[in-house]
Amino acid sequence: MPCTVSMTVNGKAVSREVEERTLLVTFLRDQLGLTGTHVGCDTSQCGACVVHIDGRSVKSCTMLAAQADGAAVTTIEGLAAADGTLHPMQAAFREHHGLQCGFCTPGMVMSAVDLVTANPSPSEHEVREGLEGNICRCTGYHNIVKAVMAGAEAMQGGTMKAAAE
Amino acid sequence: MANPTGIGASVRRREDARFLTGRGTYTDDINRPSQTHAVFVRSPYAHARIAGIDAAEAMQAPGVIAVLTGADMEADKVGSLPCGWQIHSKDGSPMKEPPHFPIARDRARYVGDAVAVVIAETREQAKDAAELVMVDYEELPAAVTSLKALEGGAPLVHDDVGGNLCFDWHLGDAAAVDAAFAQAAHVAKLDLVNQRLVPNAMEPRAALGEYDRATGEHTLTTTSQNPHVIRLLMGAFVLGIPEHKLRVVAPDVGGGFGSKIFHYGEEAVVTWAAKKVGRPVKWTAERSESFLTDAHGRDHVSHAELAMDKDGNFLALRVATIANMGAYLSTFAPSIPTYLYATLLAGQYKTPAIYAEVKAVFTNTVPVDAYRGAGRPEACYLIERLVEVAAAETGIDKAELRRRNFVPASAMPYQTPVALQYDTGDFAKNLDIALPLVDYDGFAARKAESARRGKLRGIGFATYIEACGIAPSNVAGALGARAGLYESAEVRFHPTGSVTVFTGSHSHGQGHETTFAQLVSERFGVPIENVEIVHGDTSKIPFGMGTYGSRSLAVGGSAIVKAMDKVERKAKKIAAHMLEAAEADIEVKDGRFVVAGTDKALTIGDIALQAYVPHNFPLDELEPGLDEQAFYDPKNFTYPNGCHVCEVEIDPDTGVVQVASFAAVDDFGRVINPLIVEGQVHGGLVQGIGQALYENCVYDEESGQLITGSYMDYCMPRADDVPSFTVRYHEDQPCTHNPLGVKGCGEAGTIGASAAVMNAVVHALSEYGVTHLDMPATPERVWQAIRRHTPAQAAE
């Protein structure tokens, strides 16, 4: 049975008819064309699909689109400023080479933003524990952790080290 | 630095902008008008005869367009997925090479073997209908492990492959080894298992087939590390589509680690089906499907013996390995446990005699092929575990025993007894850098401190050398390769001085769009933002062999250099004409074309404009344009090498192993982008640590069911499982035979790490008398090992 879901996605109101069983991630990717949110597994383990629902990180493969009815959803496409300026966490990932193939990256960045929102000055240990739900196969996490620490500082209003290029 | 985007600069990656904003384009992100969706019906049995398939009910399900089977492919004369490397057994007979159809015809040979494909309007409809396809299976007994498959009376995976033996191969001088063992003062022996792994690139495989009725052109968009090879194999051997009517595109690809080198059946199915149903057909694997169908890695069972004289000098090495091939031969499978494994058994040591025997075995499991390192981690793990055992047994310090047996830098180039000739390497230097870096002398104090907290501590070394950028095509051909192993590049200057580089290498995380652009920026002084790197599309790039075996920079980068050489030669002629100077007087300085001894100079942009608007151009000597193509066939392998040192702390009450520190000292030759190189090392290390401590692909030995078929059961290393790393490299030993002096860095971390970790684990457990533990050293295994070895036994 189709049902109608309405929500705000990246600041824009959207309303679509979906099959009841439609996952939020499928809705975002297939109905809204927001393909920055990825699907890396089918057991809610990998975290490639993390988005923000009302400001908190959620694995969008773990909830139905219908459950997000009325919510404010932010995906990786909605994280940078309207003028294209990267969010400090995105900029930190670039500066510290916190991504390689880029597939886990949207989920990793969205998780990191939520982590730092909840804990503005995390220790390395806290960053590692906080990212336990996001699997990266490329980076060995070393530079992701560096990026999140730097991103946290930048989100606090600290200055990002100038890009070396 | 003269050029902030030239060679040696840690240029921030240009590809990151799209990946960080969700604008990457991976295969599953692409949707076509009137696209349909494919879902495969897969065998739930490891081994079964397919007595019949009834698709009537599925065809009635909502949205279903077609249900296609192996019989339909047979009727269309679809061929077998080809194997790209032929091995000959000791007796000269060729390996057994049974057919491997994209969809099984009469028998399913592993859990997950495709039996039918459902094509429907939506993915969900296809999935629903796939459950309605009635397959009449007659279950057969399965041969699951390589050891059991070799036993007399084992079920046969292929009726015409007796004993399930694909080949029985050897390398080296058995008589010389026997003679050396007869003289040995001490022999160290070790039985070990290099367990099966699932590569697990984070992007699941996907494929999108399209057919243009107007032009007769097929397009396959696929998650591949080498689209040209897929075009060749699928076009020529499977579907019979000539190259000029087949385009293969590998857009952004979310990691490969080897698993996306190979030509998979699903690629052929969507390409074939798109013409059949007259609409685009897309398939995307779910992760469970990836576990079942991506080619796995490793899976060796080995016995090794090292003969030494009384001073610990290595005299000879003898190795016998059984390698699991899975149910069919994947594209490069036979080369992995042979020419990429046994040839590396010399390691960094001057062991004068080596003999290796390798039996490759068919089993009712998914095919096994290259996974990051591909044969070389297996070789390194075997040698370095054996050396550690030798050190423990002889009482010689493990660093000293290694140093004593290193091939000295002065002996380069060095011919090993197992076919390879190392060009450069200073192994003692790697060790010299590593020892103070990890404070080797301070280990005893750290161990005592751990002991005060009730913890065990161990330190382990691994020195590795690998062979990358697979060597001259004629040599590879003589060893069984059925393809050339060169790379192609085209460097196209545009009229206003911007550049497009077309490369046959493929980037799926390696950052080629940055590193390759640095080569051009360095050479011609072009701002990096004016250089576009194009890869992954057979309709744009002349040809390509793709990315695997850490070859992209050494082979693909060298091809770009060759093309730039040609551009420079032509540009000099044009500059000489424009500046009214002799060609011999034109020098290239900081990217400018200068008349020697004068201030007369042109930029490459000036020359490019004249090349395309040839009003003042030597038209009688040269054609207009500035666009050159090159193929580069390497003269030899490259030999990255290094020394990894790991320290672990173990909680004896729980068996939990924690990597306390990890240092990697590597020689990758010349480094173009240090930031990217270090990132490659970090990632490689965690895959190696993953094998050592966490990852294990387990099939039920009777039923052949995959037990570790999801991230709930297959333990992937996560951020809180690993430490930050200490990474160093030196550039004193550039590769001598490619123009960049580069060796490759993609696999090194994985090759050294597993051995270093396991050596540290065994060292920590040595006070209990543990002398070996098979990977992964899970808490359960470590705890059992501690319980099995009481301190009283250790004292014996």
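In the predicted model, an open sheet of chain B is built from three strands in the order S4-S2-S6, with antiparallel pairing. Its edge strands are S4 (107-108) and S6 (134-139) of chain B, each of which pairs on one side only. Between strand S2 of chain B, which spans residues 48-54, and S4(B), the antiparallel pairing extends over two bridges, and within this pairing Arg49(B) is placed opposite Arg107(B) of S4(B).

Six of the seven residues of S9(B) are buried, so the strand is largely enclosed by the rest of the structure. S9(B) pairs with strand S12 of chain B (residues 281-284) in the antiparallel sense over four bridges, with Leu208(B) standing opposite Lys282(B) of S12(B). S9(B) is also joined by six bridges to strand S10 of chain B (residues 217-222), again in an antiparallel run, and here Tyr211(B) stands opposite His218(B) of S10(B). The two strands S9(B) and S10(B) form a hairpin in which four residues lie between them, and Gly216(B) in the turn adopts a positive phi of about 75 degrees. In a regular strand, the side chains alternate between the two faces of the sheet.

Although Val366(B) and Tyr110(B) are 256 residues apart along the chain, their C-alpha atoms are separated by 5.9 Å. When residues up to four places away in sequence are not counted, Val366(B) touches Tyr110(B), Gly112(B), Leu292(B), Thr293(B), Ala295(B), His296(B), Gly326(B) and Ala327(B).

The largest nonpolar core comprises 315 residues, of which Ala38(B), Val117(B), Val118(B), Leu345(B) and Val757(B) touch the most other members. Helix H19 of chain B (residues 748-765) contributes the largest share of this core, with 12 residues. Domain 1 (2-78) and domain 2 (88-156) of chain A both give residues to the core as well, so the core lies between them. For Leu345(B), leaving aside neighbours within four places in sequence, the contacts are with Leu317(B), Val319(B), Ile354(B), Ala356(B), Ala379(B), Ile383(B) and Val418(B). In soluble globular proteins, nonpolar side chains tend to be buried together.

The two domains into which chain A is divided, domain 1 (2-78) and domain 2 (88-156), have centres that are 21 Å apart when taken over C-alpha atoms. Their contact takes 15 residues from domain 1 of chain A and 11 residues from domain 2 of chain A. On the side of domain 1 of chain A that touches domain 2 of chain A, the elements giving two or more residues are S3 and S4 of chain A, and S3(A) gives the most, with three residues. Classified by residue type, this side of domain 1 of chain A has six nonpolar, eight polar and one charged residues.

Helix H3 of chain A, residues 105-118, has 14 residues and reaches 20 Å from its first C-alpha to its last, close to the 20 Å expected at 1.5 Å a residue. This helix is mostly covered, since 11 of the 14 residues of H3(A) are buried; among them are Met108(A), Val109(A), Met110(A), Val113(A), Leu115(A) and Val116(A). The covering of these buried residues includes, from chain A, strands S3 (50-53) and S4 (56-59) together with helices H2 (88-95), H4 (124-130) and H5 (142-155), and, from chain B, helix H1 (16-20).

The contact between the two chains takes 48 residues from chain B and 48 residues from chain A. On the side of chain B that touches chain A, at least two residues each are supplied by H1, helix H9 (287-293) and helix H18 (674-693) of chain B, and H18(B) gives the most, with seven residues. By class, this side of chain B has 20 nonpolar, 16 polar and 12 charged residues.

Methods
Residues numbered from 1 in each chain as written. Chains lettered and ligands numbered in written order. Predicted model: local features only at pLDDT ≥ 70, side-chain atom pairs only at ≥ 80, totals over all residues. Expected span 1.5 Å × (residues − 1). Buried ≥ 20, exposed ≤ 12 C-beta atoms within 10 Å, placed from the backbone. Contact = placed C-beta atoms within 7 Å. Nonpolar A, V, L, I, M, F, W, Y, C, P; charged D, E, K, R; others polar. Domains from an automatic or database assignment. Pairing = 2+ DSSP bridges. Core = buried A, V, L, I, M, F, W, Y, C linked by C-beta atoms within 7 Å.
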